[in-house]
Every structure is written in structure tokens, then in C-alpha cells.
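This briefing sets out the overall form of the chain and then turns to a few individual residues. Please read it alongside the sequence and coordinates shown below.

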Amino acid sequence: MKVEPQNKGSSRTLAMMVACTAIGGTLQYGYNLAIMNAPTIYIQTFINETFLERWGMELELYEVTLIWTFIVSIFSLGGLTGALIAGPMSIRFGRKKTMLLSNIFLMLSALLGLTSRAAKSFEMIIISRVLVGINAGISMNVQPMYFGESAPKHLRGAVSLSSAVFTAFGVVLGQVVGLREILGSEPYWHYLLASNALPGIFQLLTLPWFPESPRYLLIDRGDKEACFAALRRLRGCEVSPSEVEEILQEQAEAAGMRPRQPWELMRDRSVRWQVISVAIISSAMQLCGNDSIYFYASYVFQEAGIAPAAIQYITIGTGTCEFTACIISNLLIERQGRRMLLMGGYVLMAGWAVVFTVALCFEHKVSWMPYLSMACVFTYILSFGMGPAGVTGVLPTEIFNQASRPAAYMIAGSLMWLNLFIVGMVFPFIVSELGQFCFVPFCAVCVVTALYIGFFLPETKGKTLSDIATEFNQLNFRKQQDGGQAEYKLGEVQHSTAL
């Protein structure tokens, strides 16, 4: 097939594909986290009334709280399940079709949430949260893979990071829809639980009109014509020779290789430090305390003198903060690189965790300390949004080849959801035991992660997979290098004969 270079093209189709995928994709993760704040009291009352009507007994406060905590936390276990099945589904059905099929779980979840009140069954809410968690777990893994494989090299980071932008937008949207004036009141909480069906319907109506991942079509399906047709649609012009060369090189490297399993990656020395990097950075994303800062937000705002009735509106500012930071990060990622944004984000979060701890210690002794705490809430979320929120999802696409990528996302997604569940269950105990020092463990996580990134993670901006693999090989095969004095030049290993 003759491919001629063209200087002009349009990214309109790519941008529309990103929007249509993400609205029914990673937006659901942020949205379904946020909508559970508003109906807390109403669902707890519903649980108590259900027990009273069924068995003639009224639950104690701690029993209602325990059931409510389980309803909220079970979302993470659903996400873990989704992360585990996302890899096999993306291999069997393709990236686009997997995103569409995940809406089956979403629609069932919305139906159960909508009818739970009429059925007088809080168990339906629990099942609903599991199902929507599975949907979110699939989307959080497959969508960045789909974007990373569809975008040109110079836009790969920005397009992949748009997943985080839509996640943050989902948080803001969920906070707005959950206002008392909209669906966050007692008569409408079941409609709020079912409102997540609307983005899914939008995706089902629009995404089928866009092409599958070009790399999946060529490398997994062996369909060269469909691959180049997809590339032409996504680029708005003929495919550049350099991009053709890169994708054909990746196909040649993956020739004869079957899709790999997570345990095979863990045993493979040639990708050992890639797996370690993904595991550490994906875990740190949840262990850094960003979700916990939302827990403290209402308390901090109240201490700063904000009227209780106005706190729900101020809280929207926290989601807006992360959304704004993700947009800024999207604009900076191809200029500053992934490593700088990641490391800078964790360093800033560590600093603000120290300031926040000091502010909590002196909040009743110094009059203006509550306002400093309020500022820390916003700056902590801004720092998270500027780096870890978006760049974390980009890395598996850039440091693993086509055969290993689904398994890498399974590892990253599983750790992310598992740590989210652990933090959600453990954080209340951390608060009760450590009090105002509850953010010290999160500060330690941020410091350790920043040091790891600074010493071990190579920059991936604008590099091919072969270039990135060469840099990681300096860590994966360090002993051989020390013994044979290996010198890495232009992606080749040249062993010196000098002793």
C-alpha cells in the first residue's frame, strides 16, 4: 500500500472519538463516586425503615453506618472485578467493542438503583453499586489503552490524559446533579442513583460510528487495510511514513507472540522494572490521600465559618479544582513530559500535607488556621490533578508492547481499585488513632513515590517503544551491564571487549 506523507490533517475525528468514549467511560468513575455524597442520610433512613418493616426491629446507628459503608465501598470491589476482566475482553472483542459491552453492567445497575425504592430493597442498591463498579473498572483500563493506541505520537500523552479530565469532570457533574435543588433531595435519590445511565446511552448512540484501535486491528487481528483506513479517519489525511514505520516495527516485534497474562509479566525479567513502576505509581495514586482530603473538606469548611447550607456549593469547588488542574496538565504534558508532572505533583502534595498537618494542630489556637486548612484542601487537589491524576493512566500504554499492554492494565487497575477499597475502609481508623496527624502516612507515600520517579522512571515523551525499552533495560539487566560493560547507544547494546 502506497503511503504518502501529508503535512495537513485534522484531529476532529480523533477529538470526537475521545469525547464520545470518555463521556460513557472514565466520566462514570468520577460521577459514581460523587453522587453518593448527597443521598447519604436518605439511604440510611431507607435502610432503617426497611429493617423495621421486614423484621420489626430498628437498627443501631453503628449498624446503619456499617451497611452504608459497605454500600459505598463495594463499588471498589466491583471496579476490581472490572479491571480483572478488562484485559481478556479487550483482547477478544477489541477496545471499542469492550467499551460498548461494559454498558450492559451500567444499564443493569441503573435499573436496580431506580427500582430499589419501590421494591423496598437496599440489597438492590448493593448489587447496583457492584455492577456500576464493574463498568467503571473496565472503562478505567480499556479507555486509556484505546486512546493511547489511536493517537499519534506527538499527541499520545495529551489524548491519554483526557481520561483524567473526564474523570474530574464526572466528579463535578456528580456534585452538581447531587445538589438539593436537582436530584439530591429525599423524593429523588433513587433517580440520582439511576442517572448514570444517561452518559452510557450517549456512548451507545455515538461510539459505534468511530473506528477501532489501529494497533489492535493490525497487530491483534492482522488486518492491515482496516488499520490504515482507521488511521486515515483518525488523522484526517494520509498516514505519515514515520507513523507507518513505527506501527509496522511494533507489529514485527510482536509477531508470533500471544497476549500475555499478568503473572507472565511478573516473571519476565525483561519487563521487571516496567511492572514495578506501574505497580508503585498505580498504588500511590490511591494511597496519596487525595480521596481522603475530600472526606475532610466539609469539616474544614465548617471550621472556616462557612454556613452549613452553603457547604454543598463550596464542595463543588473541590471537584472544579481537580478538573481545572487536569486540563492544565493536558496542555503541559507534551511540553514538560510525564516524569516532571508526576514527580512535581507528588512533591507538592507532600509539602501541602505537612502544611495541612500544622494547620490542623493549631486550628483552635490561631484564628486564621482554619482558612489555611481550607487553602490546603484546594492546593492538595490541584497538585494531584496536575500530575498523578492523569499521567498514571498514560504509562502502561507507553512502556509495554501490544501483547503485554492488556495484562499491564490489569495489574495497574487491580492495584488501583484494591488500594481504593483499603483506604476507604482504613481511613476512618487512621483519623481516630492519629487525629490531626492523619495525613502523615499520605505524606510519606508522596515522598517515597517522588523519590522512585526521580531515580528510576525514564521520560517517555516523544519516544518510541524501542527507545523506552532500551532505557528500562539498563535497570532490568544491570548485572549483565556491570559484568560486560554494556554501552547503550541508539537502542542497541554493544558489549566492550576491554576488561
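**Briefing on the predicted chain**

The chain exposes about 21400 Å², of which carbon and sulfur atoms supply 65%. The model is predicted. Its secondary structure comprises 24 helices and 2 strands.

**Overall form**

- The radius of gyration is 24 Å, in agreement with the value near 23 Å that a compact globule of 499 residues would have.
- Taken along the principal axes, the box filled by the C-alpha atoms is roughly 80 × 50 × 40 Å.
- Of the 499 residues, 54% count as buried.
- Among contacts with a separation of 6 or more, 81% are accounted for by residues 24 or more positions apart.

**Ser139 in helix H7**

- Ser139 belongs to helix H7, which covers residues 122–150.
- With a relative accessible area of 0%, Ser139 falls under the 20% limit and is therefore classed as buried.
- A polar atom of the Ser139 side chain lies 3.0 Å from the backbone oxygen of Asn135.
- When neighbours within four places in sequence are left aside, Ser139 is in contact with Gly24, Gly25, Thr26, Met99, Ser102 and Pro144.

- Lys120 is placed in the loop between helix H6 (103–119) and H7.
- The phi angle of Lys120 is near 55°, a positive value in a residue other than glycine.
- The relative accessibility of Lys120 is 41%, so this residue counts as partly exposed.

**Met369 in helix H19**

- Met369 is found in helix H19, which is made up of residues 369–386.
- Met369 has a relative accessible area of 8% and is therefore buried.
- Not counting residues up to four places away in sequence, Met369 touches Ala359, Phe362 and Glu363.

- Which of the classes buried, exposed or partly exposed applies to Lys120? Lys120 is partly exposed, whereas Ser139 is buried and Met369 is also buried.
- For the chain as a whole, the radius of gyration of 24 Å agrees with the globule estimate, and 54% of the residues count as buried.

Key. Residues are numbered from 1 along each chain as its sequence is written. This is a predicted model: local features need pLDDT of at least 70, side-chain atom pairs count only at pLDDT 80 or more; totals for chains, interfaces and linings use all residues. Side-chain values use heavy atoms; hydrogens and water are left out. Helices (H or I, at least four residues) and strands (E, at least two) are DSSP runs, numbered from the N terminus. The radius of gyration is taken over C-alpha atoms; the globule rule is 2.2 Å times the number of residues to the power 0.38. Buried means under 20% relative accessible area, exposed over 50%, partly exposed in between (1.4 Å probe, protein chains only). Contact means heavy atoms within 4.5 Å. Accessible areas come from the Shrake-Rupley method with a 1.4 Å probe; for residues, only the protein chains shown count as cover. A polar contact is a pair of N or O atoms within 3.5 Å; within protein, one must be able to donate a hydrogen and the other to accept it, and residues adjacent in sequence count only if both atoms are side-chain atoms.
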